[in-house]
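Good morning, colleagues. Please keep the sequence and the structure in view while I speak.

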Amino acid sequence: MIKLIDKEVYYLGGRLVDRSELQFRGINCNENTITHSILCAHNTSDNIQKLAVRFDAMASHDITYVGIIQSARASGLKEFPMPYVLTNCHNSLCAVGGTINEDDHVFGLAAAKKYGGIYVPANVAVIHSYMREKFAGCGKMILGSDSHTRYGALGTLAVGEGGPELVKQLLGRTYDIDYPRVIAVRLSGKIRKGVGPQDVALALIGKTFESGFVKNAVLEFVGDAIEDLSVEFRNGIDVMTTESACLSSVWRTDSKIKEYLSIFGRGEEYKTLQPQDGARYDGAIEINLSEVEPMIALPFHPSNVYKLADVIENPYEILSEAEKKGNALLGLQEGTFRLTDKIKDGKIIVSQGVVAGCAGGTYDNLMCVAGILKGRSTGNGEFSLSVYPASQSANVAIVRNGAASDMIEAGAILKPCFCGPCFGAGDVPCNNGLSIRHTTRNFERREGSKPADGQIASVALMDARSIAATAANGGVLVSALGYDFDDNLPPFEYVPSVYDNRVYNGFGKADSSVELVYGPNITDIPTIQPLKRNLALKVCSVINDSVTTTDELIPSGETSSYRSNPLRLAEFTLSRKDSAYVSESKAVRDGDNSDVFAAAELIGIEYAQTTVGSCIFAVKPGDGSAREQAASCQRFLGGSANIAREYATKRYRSNLINWGMLPLIDTNTEYERGDIVIIRNVAEKILGNGQSFEATLIRNGERKEISLCIGSLTDVEKQILLDGCLINYYKRG
C-alpha cells in the first residue's frame, strides 16, 4: 500500500526513477520541483539555501488573532501589508467565561477595520475552508497561525506557525528558514468505493510519523492517479499531512483545480504546476490507492493506525494493546482506561460519531454521509451522530440539494461551522465513551475529558464514510468498503451571498481613526526582561514521555477562552501533565531563589549579572498545534528555556525562540526536578557561531559539567534571544 524510498529520486513523466535512468535517457537532473519554483518566487534573500520568505496572505482564528495583533501593535503596526483573514471558528461558543469569547470577536472586527483586514464572523466558515475557497491559488504561499494551514492541493505552499511568525510578516519582515527537504509522494491506482481521504491520510501518517521520515520536509504530490481524485478528496488528504510532522505540502495541478477556482470566481488564479523531468527529490513515498482500505487511528495519536477490518476482526487483541499504551501514557493503573469493554458479542460498540472541521466537513464528505444515511436510521439508543459543515457555502449547497434533509431525517444532528470537536470545545464524549471522528487529532484529553477528575474518554479517527456506515448500523463499528450508496455526487453549487452578506473585507481600506474595542479579558502582554550575561535555569518539570504535545503544554478546549489574557492563561500551563509546575515556576519568577543564589556562588558567577528562570525538560516536546501559547505561557511564568532530546516540530522551536526562550538540546543527561543549570557568558555564546556550549548542572550541592546544544540560529534569532523576546527586538529598533 505504501512504500518509503529513503534516497534521492528523480521525476520522469509521472514516474520516480533513479539517476541512472536519467543518464540513460540523456536528461539532466535539476532542482525544478513545484516546491522549488514557489519558494524561489517568494524568497527575498540572495541565497536559496537560506530562505527569507514573504507570503501572499495570512490567516488566524479567534484563539490566536488577538495575541498576534496585540504583539504587532506593541511592535509598531500601522496597517496590514497583505490580506489577513480573521476567522471566528474556534471560540464561537459564548457560554464559557461569560462575554469574553464574543468580546474577542468584537475586538477582531474593530482590528479588521482599523488595520485593513478581512473578518469572517462566527459560524460562517472554519479557517481552512474559507482560505481554500477564497484565497488559495496556484503558486501562492499562505501563512497561518494554525498547524493545519495546508492548501497544497490547490497549488499553494501553506505553512502553519506560531503567532510571532505572523507578527514578523505584519511588520514587513520575513520568514527565515533553511531550504527544506522535498519528498515526492507519488499516487498510483484508483480509490475503491467506501474509501475516503482520511483513510489515505491515516495510512500515510501511520507509515511516516514515528520514524520522522518527513519531519520538517515539504511533501510534493505527483502521479497520474491525482487526476481521478476530486479536489475536496485531495484537500482531505492534504490537510492531514500536518500529522506526519512535515513542514508543508503541495500538489501538481490540473483542470479540476481550474474548475474549483472558477466556481469561486477565481479562475484567473489557476496555473499548471508540475515538476520538470529530471527534478530531484530527497526521498519519496509511493502510495497505491487501489490498495488503500478504511483505516482507524486508535487513541491517542493520529499515527496509532490500524486497518479498520483488522480491528473489527480482532477486536480484543488490538484494543487491549491500545488500552495498555493508553494507561501508560496517562500514568494510570492498568484497567483504568478501557476500550475492551466496548466489545459486545464480538462487536465494537461506539457511543458517538462526529464529522467536522477542515478535514471532515467538506462538501464531498457531507454528500457521502448523506448518501449512506439516506433512508436509514442512526437509531434511538446511546449512539449519536453530529455533522458540522465546514463553511456556509457547503451548508447552503447541501440544503439546496436535499442532502441536509437526508442526514437529519436519518437522525444526524447538523451543527454550525465550528472547529470545536477538534479540540474539546464541542461534542465532548461521555465518561468512558469512545467517539469516532473525521477530524484532525485524537490526542489524550483533547476531546475534552479530564482524567485528573476521573473523567476518561477517547477518540478514534476514521473517514466520514465509515463513520456514516457505523451510524447506519446503530453504532456498531463497520467499514464502508463496498457499502451500497450512491457516490455519484451532484456538482457543488456556490452561492456568493453567503460570504458577501456577512464577511467584512477591509483589505486596502485601513482606517486609523477606528478605536479597538477591549473587553475586560483582553490584557496587555507582560513585560519581559532582556537576557543578562549569564543564565541560571531551575528545572521545574521533567517529562519523560516519548512525545509531549502542545495540548499537554497548554490545554486546548477548556483554556481557549483565556487566550487573550496571557497571565490567566498561563495558570493552565502543564495542568494536564504536572500540576506542581505553575507554582514552582512562579516561585522562581518571583524571586524565591536561595538555592539558585547558592549555586551561582558555588561556581563563582555574579548573581546580579545572571538571568534566573525556570525550564522544563521533555524528551520531544511540541508535537501538534502551532499555538504559540505552548511557549509564551512558560515565558510569562518565568521560563527561560526548554531542554529536550529533540524538538517535535520546527514551529514549536520557533515559538520558543520568538518568546526569548533557549531551545536547548541535551541527548545525554538525565534531569530531575530541582536541578539547576548554569550557563556562563550565555549572551556571548549565543552570538558566537558555535551550536553547542558547556554548562554546569548542580544537584544537591554537587556539580557536574554538561554539554548543551542550541542548533543553528539566524542573526535575527540570536538578537531576539538576547533582547528577551520578539516584541523587545522590534521595540529596540
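Asn216 sits in the loop that runs between α7 (197-208) and β12 (218-222). This is a predicted model, and in it the phi of Asn216 is near 60 degrees, a positive value in a residue other than glycine. Is this residue buried or exposed, or does it fall in between? With a relative accessible area of 29%, Asn216 is partly exposed.

A second residue with positive phi is Arg445, which is not a glycine either and has a value of about 70 degrees. Arg445 is placed in the loop between β23 (434-438) and β24 (458-461). Its relative accessible area is 8%, so Arg445 counts as buried, whereas Asn216 is partly exposed.

One further backbone feature deserves mention. Pro299 and Phe300 are joined by a cis peptide bond, with omega at about 10 degrees. Phe300 belongs to the loop between β16 (295-297) and β17 (305-307).

I turn now to the strands. β20, residues 352-355, is covered on both faces. Gln352 and Val354 are buried on one side, and Gly353 and Val355 are buried on the other. In a regular strand, side chains alternate between the two faces of the sheet. Which strands pair with β20? One is β21, residues 384-387, which pairs with β20 in the parallel sense over 4 bridges. The other is β23, which also runs parallel to β20 and is joined to it by 4 bridges. Val354 illustrates both pairings: it stands opposite Ser386 in β21, and its bridge partner in β23 is Arg437.

In soluble globular proteins, nonpolar side chains tend to be buried together. Here the largest nonpolar core has 184 residues, and the members that touch the most others are Tyr84, Tyr130 and Leu187. The most residues given to this core by a helix come from α13 (residues 363-373), with 8. Which residues does Tyr130 contact, leaving aside neighbours within four places in sequence? They are Val85, Ile118, Val120, Ala125, Phe135, Tyr499 and Val503.

There is also a second, separate core of 28 residues, which includes Val582, Ala631, Leu656 and Ile727. Let me follow Ile727. It lies in helix α27, residues 726-732, and counts as buried because its relative accessibility is 10%, below the 20% cut-off for that class. Not counting residues up to four places away in sequence, Ile727 touches Ser71, Ala74, Ser75, Ile525 and Trp659. Ile727 and Gly76 are 651 residues apart in sequence, yet their C-alpha atoms are 9.5 Å apart in space.

Rolling a probe the size of a water molecule over the atoms shows where empty space is left. How many cavities of 30 Å³ or more does the structure hold? There are 7.

The elements giving two or more residues to the lining are α5 (127-134), α12 (357-360) and α16 (420-423). Sorted by class, this lining has 7 nonpolar, 11 polar and 5 charged residues.

The second largest cavity holds about 150 Å³ of space. It is lined by 15 residues, and those nearest its centre are Gly67, Ile525, Arg563, Pro566 and Gln629. Ile525, as noted, is one of the residues that Ile727 touches. Two or more lining residues come from each of α3 (65-74), α20 (566-570) and α23 (629-636). The largest share, 4 residues, comes from α3. By class, the lining of the second largest cavity has 6 nonpolar, 7 polar and 2 charged residues.

That concludes my presentation; thank you for your attention.

How values were computed
Residues are numbered from 1 along each chain as its sequence is written. This is a predicted model: local features need pLDDT of at least 70, side-chain atom pairs count only at pLDDT 80 or more; totals for chains, interfaces and linings use all residues. Side-chain values use heavy atoms; hydrogens and water are left out. A nonpolar core is a set of buried Ala, Val, Leu, Ile, Met, Phe, Trp, Tyr and Cys residues joined through side-chain atoms within 4.5 Å. Buried means under 20% relative accessible area, exposed over 50%, partly exposed in between (1.4 Å probe, protein chains only). Contact means heavy atoms within 4.5 Å. On a 1 Å grid over the protein atoms alone, a cavity is a set of points where a 1.4 Å probe fits but cannot get out, and a pocket is an open set with protein on both sides within 12 Å along at least five of seven lines; lining residues have an atom within 4 Å of a point. Grid points are joined across faces, edges and corners, and a volume is the space filled by probe spheres set on the points. Ala, Val, Leu, Ile, Met, Phe, Trp, Tyr, Cys and Pro count as nonpolar, Asp, Glu, Lys and Arg as charged, and the others, Gly among them, as polar. Two strands pair if DSSP finds at least two bridges between them.
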